[in-house]
2 protein chains.
Amino acid sequence: MPIKTNDPNKKTWIPVPENSDFPIQNIPFGVFLTRDDVITIGTRIGNHAIDLGALHQLGYFKDIPLTDDIFLQDTLNDFISDGQKTWRLVRNRISDIFDKDNGSLRDNDDHKKVVLFTMEEIEMQLPVLIGDYTDFYSSKEHATNVGTMFRDPNNALLPNWLHIPVGYHGRSSSIVTSDTPVRRPMGQTMPAGAETPVFGPSKLVDFELEMAFITTDANVLGEPIPVDEAEEYIFGMVLFNDWSARDIQKWEYVPLGPFLAKNFASSISPWIVTMDALQPFKVDSPAQDPKPLPYLVQENGNKSYDIHLEVDIIPENSTATTVTKSNFKYMYWTMSQQLAHHTINGCNVNSGDLMGSGTISGPTPDSYGSMLELSWGGKNTVPLNDGSTRKFIEDNDTVVIKGFCKNDAIRIGFGEVSTKLLPVFQAKKK
Amino acid sequence: MPIKTNDPNKKTWIPVPENSDFPIQNIPFGVFLTRDDVITIGTRIGNHAIDLGALHQLGYFKDIPLTDDIFLQDTLNDFISDGQKTWRLVRNRISDIFDKDNGSLRDNDDHKKVVLFTMEEIEMQLPVLIGDYTDFYSSKEHATNVGTMFRDPNNALLPNWLHIPVGYHGRSSSIVTSDTPVRRPMGQTMPAGAETPVFGPSKLVDFELEMAFITTDANVLGEPIPVDEAEEYIFGMVLFNDWSARDIQKWEYVPLGPFLAKNFASSISPWIVTMDALQPFKVDSPAQDPKPLPYLVQENGNKSYDIHLEVDIIPENSTATTVTKSNFKYMYWTMSQQLAHHTINGCNVNSGDLMGSGTISGPTPDSYGSMLELSWGGKNTVPLNDGSTRKFIEDNDTVVIKGFCKNDAIRIGFGEVSTKLLPVFQAKKK
């Protein structure tokens, strides 16, 4: 099934503002609550959300093998289970329906009334039920920065790092979408010089600039996915803020890894941009030396994506400051390598599983992907436009991650994931 | 809602063999496939499985607020969501229906025909859809053994261990129930003396003798569960074998914890024994010194359970050898402390989440909960009845974990979780 949606010259009859992340070539998938309080699966062109459930009921997807209720659901899991061929058929059809020369929906006001919403009329939901969430640690620059700060600058990378796409399991239940505030966590920490741990609000709450990919049902328990087939099982990508409490993490993480330092919340952008839409932005990934073991060696062409990323901090009642600009292409380990590694032991991957990249730091200090690195462990301050400074994130700050691909002809973006950090929870007095 | 099911003198009209794990006082919950290929929720008395879906359709649960299809589901998640009061109403009613003096079902052959199955007629399924799986590390004896072997016998426990119920997130997708074989994993290891890692079958596959508890929806994101309320949110417990590949674990686990060494499979027993059924077996947990931080201090009575545990190894075409006997009561950290700690940062817990105890080792070498400890890192051999020996688990061995509570009046058991270890996966030649 060929991809027919990437022609940069294609125009749509929906108005698309200049520099929109969502031209007719994007066609992402999401879940939203409509003005009528109905949850539906949809896509987005420009500043319009499109109700795919309504489109399907009106017959616009006829001849495509879809169950009647495939878009009338509160998650994309079943649609993602349908597989790559179906995703392409549906995106090709959407591309046709909204082509500027196609009058079938364009000229049918009754249909448009039930299919089209402005973004202000809807409320985005978490797009998938995330069965399992895995976070990798695949930026060499990030791992090097952390190793330099906390261990030995001359041996910053641990011995396994260049051989393994190091990863660990995270918490699915606390993953939220954009515009859902999260609370500063309480927890145990061991302050420098103390002899016993103390309990209180985390003082070092941080963002982590990441992206994440979402899989379809990829394999049965016991059978690995070969690295050169892995990308077929990736539905798409989102922006990902892996909230972290650095002081809790430091005290708890030996020997079994981060736990409460991470699982109080992670935030994803609501529109899943498909791998097909990202094809024009494929780039090679960094050279890997030493050469990985054979099960991690990819033979097929370019393996990464040129995705511009940035993080803004917005203090309460203030304006945004962009504190870092990075790029997904810096990742040392590719998504295909991550997925092949994850399953080499037979671990099974299901529709809706989410896999985070790990913090995406670039080579220069203005491209680091966390406050931990930007403030170099709290040694430096990061200036904001309003004259204030930050070492970590403060109560009522809003952190916004944005991401987009761009070439001479076209821009394909992810929108944003925007999250306000609320103060710690106060139990009501009895 | 009082518990009315624990009277040890109560008798049932269903035949219950001597020493059965499933007297009328147990009333566990599970999911099974019937002889008619229907999946239903059920309970068990003696060697009979009872179709609760059929019982409900026949009106036996009238006056209890349950949806019509609550037992006609392929997981217990919705029933568990109904909460403790409903669990008790249903178990009290089941206790009544099967009371030896109650003729309503006993004397109705038409009803019995659709409600009762022998265990041979059904096939047990995974009882819950596990949204998130967390594994703790709460046996002081186990943590001490591991620390003694791999670090410093004089400082075997890491500094955080006595302050934190250390835990980490695991993989939900690869949790299977009893009688589902698992495959020896392939993976990367760094052999002693090697300079680069090698790839191949794990040579050190191990069981971990654990138990796990299953929660109901306990809190919303951002709000902790107080330690003295925590047990209200625990539905019940199962036996748990946390399969581990020690050689893969050793190479991969720094700094983010175990990953592929664990996520190839974990196995649970199919019947969830409710906390209510375990009440007669409450015992105090070990004294905690130093005293934990206040959010972990339980004020209410006994906090642990006296549950006898054992592990058998059955080589192919051979007989069983019990290689260890342990007890849940040895756990240093209690389930309530684990759940309070897990949520102190606001992490939300859902119906069907599974939380493992960590390996349950007792104080003596014949009570250690893993081959790693029983063979002391492979230094010793463990003799089996058929004259063979083991340091770790070999291909086609079956590992069986059993568990039960017993006092002068009654025995409440968990049945078993039995798992055969198959050789590594061989890809079909193209």
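Predicted model: local features only at pLDDT ≥ 70, side-chain atom pairs only at ≥ 80, totals over all residues.
Residues are numbered from 1 along each chain as its sequence is written, chains are lettered from A and ligands numbered from 1 in the order in which they are written, and side-chain values use heavy atoms, with hydrogens and water left out.

Q: Which residues have the most contacts inside the largest nonpolar core?
A: A nonpolar core is a set of buried Ala, Val, Leu, Ile, Met, Phe, Trp, Tyr and Cys residues joined through side-chain atoms within 4.5 Å; buried means under 20% relative accessible area, exposed over 50% and partly exposed in between, with a 1.4 Å probe and protein chains only. The largest such core has 143 residues. Beyond four places in sequence, B:Met237 touches residues including B:Trp271, B:Phe328 and B:Phe414. Those with the most contacts inside the core are A:Met237, A:Phe328, B:Met237 and B:Phe328.

Q: How is the pair of A:Phe259 and B:Phe136 classed?
A: Rings of Phe, Tyr and Trp (its six-membered ring) pair if their centres lie within 6.5 Å, and planes under 30 degrees apart count as stacked, over 60 as edge-to-face and the rest as tilted. The pair crosses between chains, from A:Phe259 in the loop between α7 (246-252) and β16 (266-268) of chain A to B:Phe136 in strand β6 (residues 133-136) of chain B, and both residues are buried. The ring centres are 6.1 Å apart and the planes at 90°, so the pair is edge-to-face.

Q: Over which ring does the charged end of A:Arg411 sit?
A: A charge sits over a ring if NZ of Lys or CZ of Arg is within 6 Å of the ring centre and within 35 degrees of the ring normal. The charged end of A:Arg411 lies 3.9 Å from the centre of the ring in question, which belongs to A:Phe404.

Q: Where in the chain is A:Asp135, one of the residues annotated as "binding site"?
A: The annotation comes from an unreviewed UniProt entry and covers A:Asp135, A:Glu208, A:Glu210 and A:Asp242; such positions are given in the numbering used here, with shortened feature names, and annotations may be inferred rather than shown by experiment. These residues span 108 residues in sequence, yet no two of their C-alpha atoms are more than 11.4 Å apart, so they gather at one spot. A:Asp135 counts as buried at 2% relative accessibility, and its contacts include A:Glu210 and A:Asp242. With helices (H or I, at least four residues) and strands (E, at least two) taken as DSSP runs numbered from the N terminus, the place of A:Asp135 is in strand β6 (residues 133-136) of chain A.

How values were computed: Contact = heavy atoms within 4.5 Å.
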